[in-house]
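Let's take a friendly walk through this model together. Please have the sequence and the 3D view open as you read.

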Amino acid sequence: MSKRFLYVNRKAPYGTIYALESLEVVLIGAAFEQDVSLAFLDDGVFQLVKGQQTDELGVKNFSPTYKALGDYDVNKIYVEKESLEARGLSLDDLLPLTYEDEDDDWAEKDSIKLVSAAELAEIMEAQDVVLSF
Amino acid sequence: MALEVNGKSIAVDEEGYLENRDDWNMDIAKAIAKEEGLDMTDAHWEVVNFLREYYDEYQIAPAVRVLTKSIGKKLGKDKGNSKYLYELFPYGPAKQACKIAGLPKPTGCV
């Protein structure tokens, strides 16, 4: 019986190790075939912004790796609407994350779902395990 | 640790993975393969090149389950299965092929 895991990402992608660590745990955890979803809120929404440039920071730009999540069958990615709007961002500013739906003749579908803070609270309520990064 | 290729010393970690991905070339790949006891055929190169492209696009070496699925999609079902990949890389396609491709050890590979 698989458990419902939610990884909550609240921090900016660089400056701390949280974002990268979370992503690595998600990729490793994906091998265990649990019901995995990811939430991005507060400064965590910056993790999914497209066109990241890290040369000046001297660290690896790991944002292309989010695009591999679909291959790992991680395709429920919730982005909190209020956090996005407070930072002057919209869905168009984020990486286009997709997956192929096995049950729908491998049709390509969007992984990102925009949710309100209230909806996200309900999603959290429904989990067996919530891991916060 | 280091690997000698064409008179040059190439830095590798204790498990034989390249320290610097930019050092990679086909001669180095062949040298690593030799250490692994493998003769590189076209079929081996196909997987190694696939991994390098995957890394360029996603910045990770895929887990073996993902590698199998993606190879199947790109190179055909007859190649996207563990039997085919393990015949080419007996010590594990992700681990061994990634090493030859000059990539880091796959995330989640213990």
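## About the model

This is a predicted model, in which local features need pLDDT of at least 70, side-chain atom pairs count only at pLDDT 80 or more, and totals for chains, interfaces and linings use all residues. Residues are numbered from 1 along each chain as its sequence is written, while chains are lettered from A and ligands numbered from 1 in the order in which they are written.

## The sheet of chain A

In chain A, five strands make an open sheet with parallel pairing, ordered β6-β3-β2-β1-β7. Strands are DSSP runs of E with at least two residues, and helices are runs of H or I with at least four, numbered from the N terminus; two strands pair if DSSP finds at least two bridges between them. The edges belong to β6 (112-115) and β7 (129-132) of chain A, each with a single partner strand, so one side of each has no neighbour in the sheet.

Three bridges link β2 (residues 35-40) of chain A with β3 (residues 77-80) of chain A. F40(A) has V79(A) as its bridge partner in β3(A).

## Helix α1 of chain B

Within α1 (residues 26-35) of chain B, A29(B), I32(B) and A33(B) are buried (20 or more other C-beta atoms within 10 Å of a residue's own, with C-beta atoms placed from the backbone). Just after α1(B), G37(B) has a positive phi of about 75°.

## Where the chains meet

The contact (C-beta atoms, placed from the backbone, within 7 Å) takes 12 residues from chain A and 12 residues from chain B.

How values were computed:
Buried ≥ 20, exposed ≤ 12 C-beta atoms within 10 Å, placed from the backbone. Contact = placed C-beta atoms within 7 Å.
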